[in-house]
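Please look over the structure before reading on.

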Amino acid sequence: SWKMNTARALGNTRDQRFIPELERAFGENGDFRVKGMCAWAIGRIGGRAAADALLSLQGGEESLVNDEVEYALSLC
């Protein structure tokens, strides 16, 4: 989907200014694939701000999304 592709592209920039947008997209999407890609993108950007964002996204999601958040945290 275009939302997944957008999240992937933002993650590949590794630009921390996109973290808030990716967090917002994570929260606004019901599709677990988009949520997972947003988490991956935040992890790909990396750094303390990314780790903080991912910690705020933990829990409350289905296991596949939580697994992606955990993996993304390992990238930070």
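This is a predicted model: local features need pLDDT of at least 70, side-chain atom pairs count only at pLDDT 80 or more; totals for chains, interfaces and linings use all residues.

## Helices H2 and H3

Helix H2 spans residues 19-28 and helix H3 spans residues 32-45; their axes come within 8 Å and cross at roughly 160°. An angle over 145 degrees counts as roughly antiparallel, so H2 is roughly antiparallel to H3. The crossing of these two helices, H2 and H3, is left-handed.

On the H2 side, the contact is made by Ile19, Leu22, Glu23, Ala25, Phe26 and Gly27. H3 contributes Lys35, Cys38, Ala39, Ala41, Ile42 and Ile45. Sorted by class, the H2 and H3 contact has 9 nonpolar residues, 1 polar residue and 2 charged residues.

## Helices H2 and H4

Helix H4 covers residues 48-57, and its axis comes within 10 Å of that of H2, with a crossing of roughly 15°. Angles under 35 degrees count as roughly parallel, and H2 and H4 are therefore roughly parallel to each other. The crossing of H2 and H4 is right-handed.

Ile19, Glu23 and Phe26 of H2 make this contact with Ala49, Ala50, Ala53, Ser56 and Leu57 of H4. The residues of the contact between H2 and H4 comprise 6 nonpolar, 1 polar and 1 charged.

## Helices H3 and H5

Helix H5 runs over residues 63-75 and packs with H3 at an angle of about 10°, the axes being 8 Å apart. H3 and H5 are therefore roughly parallel to each other.

From H3, the residues that meet H5 are Phe32, Lys35, Gly36, Ala39, Trp40, Gly43 and Arg44. Their counterparts in H5 are Leu64, Val65, Glu68, Val69, Tyr71, Ala72 and Leu75. By class, the contact of H3 with H5 has 9 nonpolar residues, 2 polar residues and 3 charged residues.

## Surroundings of Trp40

Trp40 lies in helix H3. Which residues does Trp40 contact, leaving aside its neighbours within four places in sequence? They are Arg8, Asn12, Glu68, Tyr71, Ala72 and Leu75.

One of these contacts, Ala72, is 32 residues from Trp40 in sequence, while the C-alpha atoms of Trp40 and Ala72 are 5.1 Å apart in space.

## Aromatic rings

A pair of aromatic rings is described by the distance of the centres and the angle of the planes. With ring centres required to lie within 6.5 Å, the count of aromatic pairs in this model is 0.

A charge does sit over one ring: the charged end of Lys35 is over the ring of Phe26, 4.4 Å from the ring centre. Phe26 of H2 and Lys35 of H3 are both among the residues that make the contact between these helices.

Notes: Residues are numbered from 1 along each chain as its sequence is written. Side-chain values use heavy atoms; hydrogens and water are left out. Rings of Phe, Tyr and Trp (its six-membered ring) pair if their centres lie within 6.5 Å; planes under 30 degrees apart count as stacked, over 60 as edge-to-face and the rest as tilted. A charge sits over a ring if NZ of Lys or CZ of Arg is within 6 Å of the ring centre and within 35 degrees of the ring normal. Axes are lines fitted to C-alpha atoms, for helices over the stretch in contact, and angles run from 0 to 180 degrees between N-to-C directions. Helices (H or I, at least four residues) and strands (E, at least two) are DSSP runs, numbered from the N terminus. Angles under 35 degrees count as roughly parallel, over 145 as roughly antiparallel, 65 to 115 as roughly perpendicular and the rest as oblique. A crossing is left-handed if the near helix is turned anticlockwise from the far one by less than a right angle, and right-handed if clockwise. Contact means heavy atoms within 4.5 Å. Ala, Val, Leu, Ile, Met, Phe, Trp, Tyr, Cys and Pro count as nonpolar, Asp, Glu, Lys and Arg as charged, and the others, Gly among them, as polar.
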